[in-house]
Amino acid sequence: MSNWFQATVAAAALLCGVAGGAAAKDAALMIVNNDYRYLEDTDEVDAADDLKRPLEDEGFRVFDIRSEGAPDSWETVEDFREEAEGANRVLVFMAGRFVTTEHESWLLTRYADEMNDLSVGSVGVPLSAILRSVDGSPEHALVLLAPLGDEIELDESLRAGIADPDVPDGVGVLIGPTESLEEFVDKIALVPDAKMRSALRDQYPKIEPFGDVLDSAPFTMGEMSEAEQAEAALRLTRTQRRDVQRDLTILDHNPGGIDGIFGRVTRAAIADWQEDQGFDPTGYVNDVQVKVLGRQAAKRAAELEDAARKRAVEQAQQDHAYWDVTGKDGTAKGLLAYLKQYPDGLHADEANAALAKLQRSDGDKAGKAERERWKVAKDKDTVQAYEAYLKKHPKGYFADVAKARIDELKQAQVRETERKALAASEQALLKNGPLRLIVEQRLASLGLDPGAVDGKFNKKTRKALRQYQKSRGMAVTGYVDQITLARILVNF
C-alpha cells in the first residue's frame with residue numbers, strides 16, 4: 001500500500017469521527033507546527049508552552065504534538081478523542097500554517113509541500129474533523145486557532161488562512177494570535193466565575209469568536225451547588241437535554257430552543273417550571289424532576305393530539321362543504337375562492353389543475369384579441385401587464401385569474417421578507433441534520449406527504465408542514481418553529 005494511500009485512509013478515518021474508550025475529567029489537544037521541512041518556518045510559539053502549563057496544573061491530560069508529519073498528528077488526535085469522550089472540559093489548540101479549500105480548512109503539518117485541493121488532505125489536519133471531535137461536549141468545549149506565518153505561494157485551488165468555521169452548537173471557537181489566546185485561557189477561561197464572552201469583547205480585541213462562547217460555562221464555573229451537582233450526576237446526553245427542552249416547550253415554558261444547550265433562557269424556563277410545581281427554582285434538574293417533566297409533557301401532548309384529531313375531522317367536513325359551494329362548478333371565480341380559503345385543502349390539487357387548464361384554454365368565451373392580451377400578460381407576469389389586460393377586458397374570461405395574480409404579486413415582497421425570516425429561524429433550529437429527517441418521517445407517519453425523506457425541504461414538505469400546523473391550531477407558515485418541532489418530537 002502506498003504512503004499516499006495510507007495517508008488518505010487515515011484522513012478519511014479522522015473525518016469519520018469514530019471514537020470510544022474511557023473518559024477523563026478534562027482533556028486538551030495541542031497541535032503546533034512551526035518547523036516545516038519544505039515551507040518557510042513560522043515564528044517560535046513559546047506561548048504554546050505557556051498554555052500547556054496551566055492546563056496541566058488544572059488537571060487536564062494534554063496531548064501535545066509539535067511539528068510532526070500528518071500520520072503522527074492524526075494518531076495523536078485519535079488518542080485525544082478517546083480520552084475526551086465525555087470529559088468535563090475539552091480544549092483544542094492548533095497553531096501553524098492554515099490553508100483553505102472551497103469546503104475545508106486544514107492545518108498544514110511538517111512535510112507539507114506543493115499541494116492542491118486534492119492532495120492537501122494527505123499533509124493536513126482537517127478543521128471540520130476537529131470540530132466534530134468536540135461536538136459531543138456542548139458548552140464544555142473551546143477550540144483555539146492561531147494562524148502563523150506569512151503568505152506562501154499556493155495552488156490556485158487553495159488560499160492561506162482559515163475560513164469562517166461551521167461550529168457545532170454549544171462549541172466556542174476563538175481565532176487569534178498565540179499570545180492573546182494563551183493569556184485568555186490562563187487569565188479568563190480557567191478562572192472560576194470569569195465572564196468569557198464579556199472579557200473577549202472588552203479585553204481581547206485581537207481574538208475573533210465564533211460559535212457559542214458563553215459567559216457562564218464549565219470553563220469558568222466556580223464551586224458547583226448541590227442542584228448543579230445533581231444535574232451533572234445525571235450525565236444527560238445531548239438528546240436527553242433536547243428532550244427536556246421539548247417537554248418545557250410543550251408545557252408552555254419557552255427554553256429558547258431545542259438544541260441540547262442549557263443556556264440562560266433554558267435555565268430560566270426550568271426555574272419557572274420548578275416554581276409552578278412547588279420545587280426549589282434552581283434552574284437545574286434532578287432525576288425526579290426529569291421524570292415528572294416527561295410525564296407531564298407526554299400527557300399534555302396526548303391531549304393536544306386528541307384535540308388535533310377532532311379538529312382535523314371538523315376541518316375536513318368544512319373543506320368538502322366549501323368545495324361543493326365554490327370550486328365544484330369549475331369556474332375560475334369558484335376555484336379561486338376555494339384556493340383562497342383552502343390553499344392546502346383536500347381539493348387544492350384538483351382546483352389548481354382545473355385552474356391551470358382554464359388558463360391554458362382558448363375558450364369560446366374569449367375572443368382572439370383577449371387571448372392575445374392574456375398571453376402577453378402571462379408572459380410578462382407583472383402587475384402592470386395584468387392591469388393592462390383588465391383595462392381592456394374588465395369582465396373578460398380571465399379577469400378573475402388576473403385579479404388574483406395581481407394580489408399575489410403585490411404581496412410577494414412582504415411574503416418574501418417573512419419567508420426569509422422564517423427560513424433563517426428554521427435553519428438555526430434544525431442545525432442538527434437528523435432533526436430534518438425526523439420532521440419528514442413524522443409528517444409521513446401521520447399520512448401527510450412531505451416528499452422524499454432526505455432532509456431537503458421542498459414544496460411538498462412545506463405543504464405537509466402547513467397542513468400539520470393548521471390541524472393543530474398553530475401559526476400556519478410551512479416552516480418549523482420551536483413549538484412545531486416540540487410537537488413533532490413528542491413520542492417519536
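What is the order of the six strands in the open sheet? The views below show a predicted model, in which local features need pLDDT of at least 70, side-chain atom pairs count only at pLDDT 80 or more, and totals for chains, interfaces and linings use all residues. Residues are numbered from 1 along each chain as its sequence is written, and side-chain values use heavy atoms, with hydrogens and water left out.

View 1. The six strands run in the order β2-β1-β3-β7-β9-β10, with mixed pairing; strands are DSSP runs of E with at least two residues, helices are runs of H or I with at least four, and both are numbered from the N terminus. Two strands pair if DSSP finds at least two bridges between them. The edges are formed by β2 (61-66) and β10 (208-211), each of which pairs on one side only.

**View 2. Strands β1 and β2.** Strand β1 (residues 26-32) pairs with β2 in the parallel sense over six bridges, and I31 has I65 of β2 as its bridge partner.

View 3. Leaving aside residues up to four places away in sequence, D35 touches D41, S67 and R110, where contact means heavy atoms within 4.5 Å.
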